[in-house]
Amino acid sequence: MVNEPFRFFLLFVLEVSWFVNAARCTNLHFREWHQIKNEKVMTSFSGWTGSLTECGSTCDQRSDCTAFCYSDITSSCYVKGDMTSQQQLTHSSNVRCFGLVQGTCPLWDDYKLVGGRCVKLFTDPLGYVESRERCSADEAHLYHFKTRLEDEQPFLDLLAVYGFPPLPYNKIALWVGADDLQSEGNFVWSDGTPLANSADVWGVGEPNNYYQNEDCVVYWIGSYLLNDFPCTRETLFVCQLDL
């Protein structure tokens with residue numbers, strides 16, 4: 001029989017070893033975890049008590065879990081993905097949070113890695129400037145649809161993940177990261193790359209600055225091409241994190 005002091009020492013070693021490995025973003029069951037700030041993952045957790053090892057292992061073994069937090073004070077575990085409880089996790093320096101990543105793409109923050117792009121679809125409609133600011137809050141930018149060869153398929157794959165099949169009648173517009181706000185008629189992507197008016201990513205007859213009021217750019221599902229659009233119109237958008 002293992003004596004009590006040795007048993008507690010062994011448990012302590014296992015706890016420390018797991019935390020060190022997670023903090024260094026090692027691979028646990030073939031999934032990678034980064035230690036993250038807990039402001040973004042402080043809700044949508046179901047709390048229960050256990051060890052740090054049990055908390056991490058439980059999340060790691062569940063395909064719907066993309067983040068977890070652990071309280072050193074209460075030994076409570078908060079696992080993102082379990083929606084049976086909306087218990088809010090109070091911010092504390094004694095709470096450590098870990099998020100699932102793939103490469104440097106933060107899957108814990110609902111980004112998807114598709115076609116080599118780290119992207120996230122936002123389904124709450126916003127205007128162009130507000131959408132751009134929302135992406136900036138993630139240190140991302142609105143999606144760059146520069147060429148059909150390289151940028152179209154990842155975009156369509158992302159939409160398919162969210163249940164938007166590429167059907168001709170599906171008339172949904174999504175903001176992408178180009179506008180001519182600085183110089184009328186001269187569209188540029190957010191990284192400064194020009195978007196020529198003759199580029200094959202534009203729809204037929206676009207850009208046309210309809211009613212002299214279209215300075216921003218959307219991807220129009222149905223034509224699978226770009227269209228200039230009034231910047232104040234609220235629509236869906238896709239953020240892209242450069243890897």
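Figure 1. C135 is buried, with a relative accessible area of 0%; buried means under 20% relative accessible area, exposed over 50%, and partly exposed in between (1.4 Å probe, protein chains only). C239 also counts as buried, at 0% relative accessibility. A disulfide joins C135 to C239, with an S to S distance of 1.9 Å; a disulfide here is a pair of cysteine sulfur atoms within 2.5 Å. The link of C135 and C239 has -90° about the S-S bond and is left-handed. C135 lies in helix 3 (residues 128-137) and C239 in strand 15, so the pair ties together parts that are 104 residues apart in sequence. Helices (H or I, at least four residues) and strands (E, at least two) are DSSP runs, numbered from the N terminus.

The model is predicted: local features need pLDDT of at least 70, side-chain atom pairs count only at pLDDT 80 or more, and totals for chains, interfaces and linings use all residues. Residues are numbered from 1 along each chain as its sequence is written, and side-chain values use heavy atoms, with hydrogens and water left out.

**Figure 2. The disulfide of C105 and C118.** The sulfur atoms of C105 and C118 are 2.1 Å apart and form a disulfide. With 85° about the S-S bond, this link is right-handed. C105 lies in the loop between strand 6 (95-101) and strand 7, and C118 lies in strand 8, so the pair ties together parts that are 13 residues apart in sequence. C105 counts as buried at 0% relative accessibility, and C118 is buried with a relative accessible area of 0%.

**Figure 3. The disulfide of C59 and C65.** C59 is joined to C65 by a disulfide (S to S 1.8 Å). The torsion about their S-S bond is about -90°, so the disulfide is left-handed. Both C59 and C65 are buried. The structure holds 6 disulfides. With bonded cysteines counted along the chain, the pattern is 1-5, 2-3, 4-6, 7-8, 9-12, 10-11.

Figure 4. Helix 4 (residues 148-161) has 14 residues. From its first C-alpha to its last, helix 4 reaches 19 Å, close to the 20 Å expected at 1.5 Å a residue; the expected span is 1.5 Å times one less than the number of residues. The buried residues of helix 4 are D151, E152, P154, F155, L156, L158 and L159. These buried residues pack against strand 7 (112-114), strand 8, strand 10 (173-179), strand 13 (216-220) and strand 15 (235-241), where contact means heavy atoms within 4.5 Å. G163 follows helix 4 and has a positive phi, near 85°.

**Figure 5. The second largest pocket.** The volume of the second largest pocket is about 190 Å³. On a 1 Å grid over the protein atoms alone, a cavity is a set of points where a 1.4 Å probe fits but cannot get out, and a pocket is an open set with protein on both sides within 12 Å along at least five of seven lines; lining residues have an atom within 4 Å of a point. Grid points are joined across faces, edges and corners, and a volume is the space filled by probe spheres set on the points. The second largest pocket is lined by D110, K120, L121, F122, T123, D124, L126, R134, Y162 and F237. Strand 8 (residues 117-126) gives the most to this lining, with 6 residues.

**Figure 6. The loop that holds S183.** S183 is in the loop between strand 10 and strand 11 (187-189). At 31% relative accessibility, S183 counts as partly exposed. S183 and D215 are 32 residues apart in sequence and 9.4 Å apart in space, C-alpha to C-alpha.
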